[in-house]
Amino acid sequence: MPAALRLVLHNDRENVLRTAEFCASLASCGSLEFLPYHRLGTSTYQYLGRPYPMADMEAMSVDAACEAVGFLTQLNWPFVLKVSGRVLNREP
């Protein structure tokens, strides 16, 4: 069964490329999905009285995330590339 890797996107081009290369090295990787960073967890940290460790980070829209990883579509990957469910490349 193909594996589906999903991870939060932090808009770091080098990290995005290295992640895709890692996924390509796995025999069972069927899809790689980037999820734009959101701030939905901040209220939980406030409720717990804890500082939010990513308070400096800006939330990212799906369109901005698609732009951030769009360069990967220029390369031929052996897996489906997605952002928040949107398929960016053709089925391999």
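# Exercises on a predicted model

In this predicted model, the buried residues of α3 are Ala65, Cys66, Ala68 and Val69.

**Exercise 1.** Determine how the buried residues of α3 are arranged around the helix axis, and find what covers them.

Solution. Take Ala65, Cys66, Ala68 and Val69 as the buried set. Viewed down the axis of α3, these residues fall within an arc of 160 degrees, so they line one face of the helix. Next, look at what lies against them: the cover includes β1, α1, β2, β3 and β4 (86–87).

**Exercise 2.** Describe the largest nonpolar core by its members and by the elements that contribute to it.

Solution. The core has 19 residues, and those touching the most other members are Leu9, Val16, Leu32, Phe34, Val69, Leu72 and Phe79. Two or more residues each come from β1 (3–9), α1 (13–25), β2 (29–36), α3 (62–69) and β3 (80–83). The largest share, 4 residues, is that of α3. As a worked case, take leucine 9. Leaving out residues up to four places away in sequence, leucine 9 touches Val16, Phe34, Leu35, Tyr37, Met60, Ala65, Ala68 and Val69.

**Exercise 3.** Classify the ring pair formed by tyrosine 45 and tyrosine 52, and state the exposure of each residue.

Solution. A search of the whole structure gives 2 aromatic pairs. In the pair of tyrosine 45 and tyrosine 52, the ring centres are 5.0 Å apart and the planes meet at 75 degrees, so the pair is edge-to-face. The angle cut-off for that class is over 60 degrees. Tyrosine 45 has a relative accessible area of 28% and is partly exposed. Tyrosine 52, at 15%, counts as buried.

**Exercise 4.** Locate arginine 13 relative to the ring of phenylalanine 71.

Solution. Arginine 13 lies over the face of the phenylalanine 71 ring, at 3.8 Å from the ring centre.

Key: Residues numbered from 1 in each chain as written. Predicted model: local features only at pLDDT ≥ 70, side-chain atom pairs only at ≥ 80, totals over all residues. Heavy atoms only, no water. Phe/Tyr/Trp six-rings, centres within 6.5 Å; stacked < 30°, edge-to-face > 60°. Buried < 20%, exposed > 50% of the residue type's maximum accessible area, 1.4 Å probe, protein only. Lys NZ or Arg CZ within 6 Å of the ring centre and 35° of its normal. Core = buried A, V, L, I, M, F, W, Y, C linked by side-chain atoms within 4.5 Å. Contact = heavy atoms within 4.5 Å. Arc of directions from axis to C-beta.
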